[in-house]
Amino acid sequence: MKKLATLGLAACAFLLVGCHFELDTSRNTPERGSLGTEIYEILKNDFDRMQPKKGLAFEREQARFIRAFDTLMPDEMLDDIQLYLVAILPLYDEGILAAAVRPMACILSDLATSPEFIQALWYSDHPAGYGRDTHSPVLRRILQNPITPDLLEHLGQLWLAHDGFDADLIVSAEDDTFTALLRELSKKMKKATVEPVDQECSAAVAIDFILSTDSRLLAGQGDEHWIVKTDLRGRVLAARDSNSGALVEPFVDQDLDGLADIDPLSGDFIDAANALLDVPPPFLPDGSRAQRQGEYIYQYSDLRQSMLGALTDQLNPLIEDGFLWELPDALPVLLGEIVARADVDGTFPGYEPDDSPIVALTHALLVLLDYDRLPELLDVLLTVTEMREPQLARVLHEIDLVSDIADNYQDLNLADKNRLFDDVLPRLLESAERGYLEGFLRAFSDPRSIGLQPGLADMIRYSDHLDDEVAGGMQFSILTDFNASDSLYTNRSNLQKMMHLTHDTNGSVHTTNIAGFDIFTIPDMLVFWLDSAADTAQPDEGLAEVPWYVVAAVLEFESGNPSVEEVNRFMNHDHGILGNPEGHEDHELLNYNAESLLALEASGMLEALKPGITANAIKDRGLARSGTKVFAELLSAIHPHYSVNVPFASNACANMRLLEPMLLDIFDNTEVVTRTIELLGSLDGLQTVSGLNVIEELDRFTLHMLSYDGTILRHNGDNWVYAVDETTQVSPISPVYLLLDATRLVDQAVEGDPAADAALERTAELLGDRFLEVEEVEGVWRFKNRRAWYLFLNAISFFEERMTKYRDLGTLSQELTDLEDDLRDLVGGRVTPRAVTAFELIADDPNLPNELDSLVLDLLDPSDSDWVRVIRKNMAWLLQGLLVDRVMVPVANSLGPQIDPDGHGWGFAKGIGCISLDPPHPLVSRTMDLVLRMAQTQVPNRDVFAELITNFGDLAAGPDGFPLHDFGQVLGSIHRDDPEQTAEKSAADYGTILQEVSDYLLDDVSGLEKLYEQVCRRKGECF
């Protein structure tokens, strides 16, 4: 047993730092049971002899200590542990252990003398009854995971290969990614400042949303799971009266900051006289929530139905699918190229925000959202997504089918630098400015519009020259030959002919000299045709008008308001002496594209177009530029981009004809147009709860998107962007052009980078599969991921509320600007490029991605309902805790200098103690080296290091503690100012505990330094 006792004492030097005892291995200790019991008795005797108060405190912790020791070092491992301790003796001999431990001890001593650091620790731990886990279950789970030892080893290897130090930890020419990252993080930590408490700041509001609840998320989530909400001061949020919004009694808000008043030092609640309030903790000993007169006095969140729970549920599948490891390839491309940048600290390699695609895209989106009716738009979006989910889901299903089909036609693309959008956009803008879009959208509610997709399909499929004057002449029979050139007229589809006709007849004048009467003139053939297709109160009549004598002379016209079918025949028949209509190209239309009008009838597309034509034709009648004329010019703007092989083709023609085979495949094998029409048609008459008309708001926002605004600037400050043709400069800029400019930057960034292109495509695919997948349940379409869907709906509602508040305060534009500024600071700062490079190194490692995935997936394991509750609660506390500047800033300020590789390091001199060393400061690398060497030290047939790591997290003795946690508790009990105390620790206690541990690590009489000396004397020499 003496051998085992010696083994235990040596192990205790590592595990229970701060247990001051004199190494006396000569005593003849009788057997008392387990190793933990034996070690306890030895240490207890030493405490009783040297520091009786600590002995009493140690006695109180007897069960915990023995439990921890025996769990960490079970009897069956003892022989192998002894072999392992012998095997790591070179770590003493080479000074590796001391070189890592001594600086750590000096850091603890330094922190122990920092009032801000100690106060922050105490302030964070001071609240009681908050329901936080005090036994570090997440840390325990990480330690217990069998992958953790390998993860530590491989992380150490990667770090040491990219820390800028050689094997002796001397600065070298080696890549220094991790040291550089540490350096920049240190600077950020040292510069951190405490911001004024503003519970309405973006971060606080975001956390409030994350902890908000929706009863629709309750299904299958088990029993209630309450967490209390806290504010930016780290104290619970007092409840508010549901009617007045005032704080419930007895809380007061004398300083009018919107929060219950607290003592400035302790954070305890106070009354109007600054006396401490006698209020219960948020959770009573039985776990119930605190009440006063039957009402809860604090704000709580049920994590079962929280946004946090829904968010957490999305992480596991994404990680399983490898989402995380697509980012290293995608991020650098989105961030831009690394360039030389400068700040107050000098030059550094970083990303230039003005050249960053992600900044450009964010800027464009924020400009788009800088809209005075943004809250109303969000209200509409919420209504549409919630009330029209089946229609929206079905459209997405069809779009997914379209995407699959398009993958088979990857060689078919519109011509580069085409001006299709640039030429059509002014026509769309004019329609929006005139208020035509609202009526056009409403037209889709007309049942006739459903015929548009099959009509389009037949218009593309067939190229027949139909003839209504012969038997069977209105039947399609000739298929369009997409392999033949459309230079030959007969090889053009009827859709191409129709679009050609719109251009040829737009503004074309037709004059008919009818004997004995005035000359009848049709001043615009396309306008005349569109008017004839518009609905009137009478069947088979259009809005086009002709004199009575024209009706008498033109056999096709049966009234002074000829129908479109009559006009179609008028344009397709030979009229002899009356003359036949011609277009701008001086061809008689009956032999040049007019047959496409008969094809419109035969395909059913004409009937489907009538509601949309009518919506425009009834606008501004009688004006020189009527609604019909505006629509006519919109239609005619398409033809110059249909084919390069026809007259009047644009110099920047898109060559749409190439896409006809793909479009036909899409129209034949999906219902994308039909289902889109159904969705749009379902919006007619739809109103939000607040009474907003959905279509009216969509019409307003469309105008906002298309309108040019001289105040809009590009993300780099330019007042112009290139048009879609990438040649023409557009100024002033519209939001939609700004968005197109940003997407172009993204496209250009991935050109020539197949890895980035594939990563972005894969990322989009994973996100789409996770959040946009739909299903049909009992004939009704819906989004499959219900929890994500409800999260999305709540997010819209949340943003609507926030945007309304900002607009009412007049700060909406500034809030959006601040958001972009934050992104620019992040992208253009020192940390991001280093973090991205480190991320890339980890992703390229042969082991770390799989190990990290395994660890995270275990932490997010959805199969263990009890653990799901634990991880949700700990994530909630982490998110709330990170916002408490009063704690986080002092901790960051104190730790920042300690990890700074360019700062002074810590050394140790016997008889002197801690001394300051000149930079560099390779503390983290020394620690990594120590861990790596310990991990690589092996004994026959056993990985002792791995088993010890796992045992540190073992819950064998119960769910309320594990060895690492238990040892910490023991240390805290015996090394506080007054070990006899069992009440809450004071701030002074935290300083004393840190100092005691530091003293022991550096004590050459009864501490770890004495152990070093005894170990090295076995060779007769010491370092």
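Tutor: A nonpolar core is a set of buried Ala, Val, Leu, Ile, Met, Phe, Trp, Tyr and Cys residues joined through side-chain atoms within 4.5 Å. The model discussed here is predicted.

Student: Which residues touch the most other members of the largest nonpolar core?

Tutor: This core holds 121 residues. Those in contact with the most other members are Phe58, Phe65, Phe251, Phe269 and Tyr298.

Student: Is α7 roughly parallel or antiparallel to α42?

Tutor: Helix α7 (residues 96-112) and helix α42 (residues 987-1002) pack with their axes 8 Å apart, at an angle of about 150°. Angles over 145 degrees count as roughly antiparallel. Therefore α7 is, relative to α42, roughly antiparallel.

Student: How many residues of the contact of α7 with α42 are nonpolar?

Tutor: Residues of α7 including Val101, Leu108 and Leu111 meet residues of α42 including Leu994, Val997 and Leu1001. The contact has 1 charged residue and 4 polar ones, and its nonpolar residues number 10.

Student: Why is α25 described as largely enclosed by the rest of the structure, and how many of its residues are buried?

Tutor: Helix α25 (residues 595-603) has buried residues that include Glu595, Leu597 and Leu600. These buried residues of α25 pack against α20, α21, α22, α24 and α26. The helix is largely enclosed because, of its 9 residues, the number buried is 7.

Terms used: Residues numbered from 1 in each chain as written. Predicted model: local features only at pLDDT ≥ 70, side-chain atom pairs only at ≥ 80, totals over all residues. Heavy atoms only, no water. Axes fitted to C-alpha atoms, helices over the stretch in contact; angles between N-to-C directions. Helix = DSSP H or I, 4+ residues; strand = E, 2+ residues; numbered from the N terminus. Parallel < 35°, antiparallel > 145°, perpendicular 65-115°, else oblique. Contact = heavy atoms within 4.5 Å. Nonpolar A, V, L, I, M, F, W, Y, C, P; charged D, E, K, R; others polar. Buried < 20%, exposed > 50% of the residue type's maximum accessible area, 1.4 Å probe, protein only.
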